[in-house]
Amino acid sequence: MNNRVHQGHFARKRFGQNFLHDDYIIESIVAAIQPKNGQALVEIGPGLAALTLPVARQVDHLTVIEIDRDLAARLATHPKLGDKLTIIQQDAMTINFDELAKQAGQPLRIFGNLPYNISTPLMFHLFSYYDAIADMHFMLQKEVVNRLVAAPNSKAYGRLSVMAQYYCQIIPVLEVPPTAFKPAPKVDSAVVRLAPHAMIPNPVKDIKVLGHITTQAFNQRRKTIRNSLGQLFTAEQFDSLNIDANLRAENLSVAQYCALANAYIPA
């Protein structure tokens, strides 16, 4: 049998599909999510329903977002799931999560085994709706989870670390080997919980400015910030914020990046 086929479905490379099939891992993820009746549960990329089924056993209703037409059709006719699901056959990158939360009358609890090829842009899309989200549990490449949780002064610390930690508290949940999937990916995976802060600890006036500064700094991470950010800030501005201009991008804390974003004066 072609190892790309699982439950009669070809894993589609363009959607980055890898299907979870390890029962112990599945049970551990569902236990971490702790789904409860009445919550606005939203699964991104339910695939062959490895997580959908055990979650649906514990609740009366959940919303699923599935880009693959064939998989959405399978879910719609699933004997154990049909009545419990609201199926949105759409790219999650195009979803307005504020609207979903308004319809639900409460913040969303989002979970899913995210396709590796879109996991980072999708998280940035979700961060823009942080007000509408209670928490998120995602299966991601382990390397991406390492970047999400990384602290300053480490190689994994980068733009994703700063932007994610600006919006959320981030807690690693469990590590997942390639053997838990069909087809098995070439990388290790991990599950992470992202809980948007009730109050953002270091609010910035313009999130786009924070994004611009972190991009500029980390694109030239070997340079000192005097060089990488020299076009955006004067030596006096670094001094007034008590930031050493001889530091590199990875040495600055989230709070320091936020202070820079608030001090930025457009040319």
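**Strands 7 and 8.** Strand 7 (residues 108-113) and strand 8 (residues 133-141) pair in the parallel sense, over 6 bridges. I take two strands as paired if DSSP finds at least two bridges between them. Helices (H or I, at least four residues) and strands (E, at least two) are DSSP runs, numbered from the N terminus.

**Basis.** I am working on a predicted model, where local features need pLDDT of at least 70 and side-chain atom pairs count only at pLDDT 80 or more, while totals for chains, interfaces and linings use all residues. Residues are numbered from 1 along each chain as its sequence is written, and side-chain values use heavy atoms, with hydrogens and water left out.

I traced an open sheet of 7 strands with mixed pairing, in the order 6-5-4-7-8-11-9. Strand 6 (85-88) and strand 9 (168-176) are at the edges with a single partner strand each, so one side of each has no neighbour in the sheet. From one strand to the next, the twist averages 20°.

**Helices on the sheet.** Helix 1 (residues 23-33) packs on the sheet and touches strand 7, strand 8, strand 9 and strand 11 (189-196). The direction of helix 1 makes about 160° with that of strand 9. Helix 7 (residues 159-167) lies across strand 9 and strand 11, at about 115° to strand 9. Contact means heavy atoms within 4.5 Å; axes are lines fitted to C-alpha atoms, for helices over the stretch in contact, and angles run from 0 to 180 degrees between N-to-C directions.

**Helix 1 in detail.** At its start, I found a side-chain oxygen of Asp22 within 3.0 Å of the backbone nitrogen of Tyr24. Ile25, Ile26, Ser28, Ile29, Val30 and Ile33 of helix 1 are buried (under 20% relative accessible area; exposed is over 50%, partly exposed in between, with a 1.4 Å probe and protein chains only). Their cover includes strand 3 (19-20), helix 2 (52-58), strand 7, strand 8, strand 9 and strand 11. Gln34 follows helix 1 and has a positive phi, near 55°.

**Asn146.** I placed Asn146 in helix 6 (residues 142-149). Asn146 counts as partly exposed because its relative accessibility is 38%.

**Record.** UniProt (unreviewed entry) places "domain: Ribosomal RNA adenine methylase transferase N-terminal" at residues 25-198. I computed 33% helix and 27% strand for residues 25-198, with the end C-alpha atoms 30 Å apart. UniProt positions are in the numbering used here, feature names are shortened, and annotations may be inferred rather than shown by experiment.

Methods:
A polar contact is a pair of N or O atoms within 3.5 Å; within protein, one must be able to donate a hydrogen and the other to accept it, and residues adjacent in sequence count only if both atoms are side-chain atoms.
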